[in-house]
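Subject: Structure handover

Dear colleague,

Please find below the structure that I am passing on to you. A summary of the findings follows it.

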Amino acid sequence: MYDPPGYLWAITIAGVIAIPALTCVVLYGGAQRAGLGRRRAALLAVGAAVVLGGWFTASAVIAGHGLYHTQLGHGVPWMPVAVVGFLGTLLALSRIPVVARALAAPGMVSRLMLPHSFRMAGVDFLIIMALGHLPALFALPAGLGDIAAGITALLVARRLTQGTGRRHALWFNAYGITDLVVALTLGALTGYQLLNVTPSAAPIGELPLALIPTAAVPLLLALHITSLLALRRAPRTPLPATGPLSADATPRTAVAESPASRAR
């Protein structure tokens with residue numbers, strides 16, 4: 001059993017908690033902007049906290065009992081089941097009318113980027129690799145990809161608030177989904193030893209790292225998918241309008257007439 005240093009526990013747990021916590025705050029703000037009122041917004045945020053916190057706790061218990069360590073061919077591979085099951089549950093819950101109204105509120109596209117900023121906690125993969133307990137094949141793309149996504153999320157959110165970031169947001173979500181899928185795939189290949197590397201990615205199935213693929217990653221994927229759907233529905237920002245020039249019209253200038261020109 002792998003027991004990382006205390007500071008790695010702190011980095012991992014802080015990131016894993018911050019992502020759902022900020023998601024609840026974003027949902028609360030979206031519900032208010034959708035005109036649902038403070039009470040219903042608070043109930044939505046509390047409900048989201050119960051669902052997310054409940055699963056995070058359940059996943060921690062499962063990992064603590066070693067059930068994510070099941071080898072292929074020796075029982076149910078619970079980690080892939082947990083990832084797919086939690087993602088499907090989140091996407092189904094997003095279609096509840098109250099949740100859907102909150103997600104469709106004005107300005108939500110930029111706010112849905114904010115939870116991704118805590119993906120910078122992926123630096124723990126690089127640290128554990130440096131300590132010799134994770135393979136570079138998994139840790140480098142997973143860690144560097146998460147750090148890049150965390151930094152870019154804030155920049156894209158700022159551009160969206162300025163009304164100029166739609167294209168950047170589309171690219172960011174495409175990159176973010178690819179990064180997470182690649183990390184999950186490499187984690188499965190190295191963790192289940194389908195690729196024989198040394199060291200293996202077995203620590204992914206143990207606490208605290210097990211919470212990242214089973215709890216944080218499905219939530220991040222759901223946020224990406226929700227953002228893409230919101231971007232698809234959102235109207236494009238029109239270019240500044242300029243009035244058509246008639247045949248006898250002359251363009252305006254910002255230069256004031258001089259006294260000599262008025263005398264003429």
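Helices (H or I, at least four residues) and strands (E, at least two) are taken here as DSSP runs, numbered from the N terminus. On that basis the protein has 10 helices and zero strands. This is a predicted model, in which local features need pLDDT of at least 70 and side-chain atom pairs count only at pLDDT 80 or more, while totals for chains, interfaces and linings use all residues. Residues are numbered from 1 along each chain as its sequence is written, and side-chain values use heavy atoms, with hydrogens and water left out.

Overall fold

Of the 264 residues in the protein, 40% are buried (under 20% relative accessible area, with a 1.4 Å probe and protein chains only). Contact means heavy atoms within 4.5 Å. Among contacts with a separation of 6 or more, 78% are between residues 24 or more positions apart.

Nonpolar cores

A nonpolar core is a set of buried Ala, Val, Leu, Ile, Met, Phe, Trp, Tyr and Cys residues joined through side-chain atoms within 4.5 Å. The largest one contains 51 residues, and F125, L134 and F138 have the most contacts inside it. Helix 9 provides the largest share of this core, with 10 residues. Apart from this core lies another, of 11 residues, including V156, A157, A230 and L231. Beyond its neighbours within four places in sequence, L134 is in contact with several residues, among them F125, I128, P199 and L209.

The cavity

A cavity is a set of points, on a 1 Å grid over the protein atoms alone, where a 1.4 Å probe fits but cannot get out, and its lining residues have an atom within 4 Å of a point. Grid points are joined across faces, edges and corners, and a volume is the space filled by probe spheres set on the points. A search of the whole structure finds one cavity of 30 Å³ or more. The largest cavity has a volume of about 130 Å³. Its lining comprises 16 residues, with I19, F118, R119, D146 and I212 nearest the centre. Helix 1 (6-33), helix 6 (123-130) and helix 9 (211-233) each supply at least two residues of this lining.

A buried aspartate

D179 lies in helix 8 and is buried, with a relative accessible area of 8%. Leaving aside neighbours within four places in sequence, D179 is in contact with R119, P141, G145 and D146. R119 and D146 are also among the residues nearest the centre of the largest cavity.

Yours sincerely

Key. Buried < 20%, exposed > 50% of the residue type's maximum accessible area, 1.4 Å probe, protein only. 1 Å grid on protein atoms, 1.4 Å probe; cavity = no way out; pocket = protein on both sides within 12 Å on 5 of 7 lines; lining within 4 Å.
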